[in-house]
Amino acid sequence: MSDAPTTPTTAPVPPKKTNRIGLELASYRGSKTTLCAGCGHNAITERIIDAFYEMGVDPKRVMKFSGIGCSSKSPAYFLNPSHGFNSVHGRMPSVATGAILANSAMLGIGVSGDGDTGAIGIGQFVHLMRRNLPLIYIIEDNGCYGLTKGQFSPTADVGSKAKNGVVNDLPPIDTCALAVELGATFVARSFSGDKKQLLSVLKAAISHRGTCMIDVISPCVTFNDHEGSTKSYSYVKDHDEVLGEISFVPYFEDIAVEYDAGSTTTVKLHDGSHLYLRKVAEDYNPADRLAAMRLLHETARRGEFATGIIYIDPEQPDFVESLNLVEEPLAFLKEDRVRPGKQVLDELMESLR
Ligand SMILES: Cc1ncc(C[n+]2csc(CCOP(=O)(O)OP(=O)(O)O)c2C)c(N)n1
Ligand code: SF4
Ligand SMILES: [Mg+2]
């Protein structure tokens, strides 16, 4: 028997999994969350990470915005290499509008709360919805002000009970109905606990050009997850009326989707991706604004939530187009292109004489 030393064998290291632009999932993560364990907002963060990774979006091309609240802390927990601006309570829409108009080559995502949007920020929200600014606007909706210890927010339902037993007696603001009414071109509602649906909705939103308003019911385990609350995990699971199966096929993948033309709506998105919306609940057409309003009113009357893509119109020009801005981002234009020359000013003065 030979006693020559044997060379140790090392197991081959499997190649790291990357997406279509060569980045690992880690490039889409953010700092460690400081939110409560089990908070719905953390699940939404995970889906945002998955959606941007799977769509192969360069995180450096993304701008993240938020207001104030537990929800508004979320952008710190995803897409670390992206640009971010944590604004004042309820003022994220104006900050996002300025940033996107200054550099429309970037992809904007804003995270707000039901309080940040529906209370102090409602004025900014309604004007954002009218403009079709290319922005993914997510409301992490728990029906309360989580950060300030669980007071009712404007999305709390009539009759919903707070942890201390107080019953809410004011009617809620339905942010989806408001968004549809005011002209948002992509309106969806989802649930932080529905991984598959939320991921498809987020991927479709990345492919849409215009305002995507996504209200995600996101239970607050600390202040609003008890019996009597209509935003608890158990209530939402029991009252979620799923509009139908969503299949999203990105433009860079060649996936054959088997669908029945009679019961599936196909929507072609801005970047060439496709959405196949299979109707389960009813014969629902997400391109019909009146049908969307009817659905929202009828489900609310029954104490239910319709989830899925509620309304979509991929054809409307976005705010950048309707302002007729030059193709090149304003932020990079040289001074001689943004400041009128002396001759132009002289002509203008002359015309005002
Ligand atoms: C101008 C101003 N008013 C009030 C507050 C106090 N405040 C901080 S967060 C918040 C509400 C947060 O609720 P929501 O947007 O629903 O976020 P959540 O914490 O529930 O995720 C309030 C009232 C503040 N920070 N700034
Ligand atoms: S207080 Fe509520 S909303 Fe805030 S992190 Fe905790 S569970 Fe989430
Ligand atoms: Mg809230």
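User: What spacing do the donors of the magnesium ion (ligand 3) follow along the chain?
Analyst: The spacing is D-x27-N-x1-C, where donors are N, O and S atoms within 2.8 Å of the metal (3.2 Å for Na, K and Ca); water is not among the atoms, so sites may look incomplete. This is a predicted model, in which local features need pLDDT of at least 70, side-chain atom pairs count only at pLDDT 80 or more, and totals for chains, interfaces and linings use all residues. Residues are numbered from 1 along each chain as its sequence is written, chains are lettered from A and ligands numbered from 1 in the order in which they are written, and side-chain values use heavy atoms, with hydrogens and water left out.

User: Which protein donors are they?
Analyst: Asp114 (OD), Asn142 (OD1) and Cys144 (O) lie 2.1 to 2.2 Å from the ion.

User: Are Asn142 and Cys144 buried or exposed?
Analyst: Both are buried, meaning under 20% relative accessible area, whereas exposed is over 50% and partly exposed in between (1.4 Å probe, protein chains only).

User: Turning to ligand 2, which residues are around it?
Analyst: Asn142 is one of them, and the others include Cys36, Cys39, His41, Cys70 and Cys220. A residue is near a molecule if one of its heavy atoms lies within 4 Å of it.

User: What does Leu275 touch?
Analyst: Leaving aside residues up to four places away in sequence, its contacts (heavy atoms within 4.5 Å) include Ala204, Phe248, Val267, Ile309 and Ile312.
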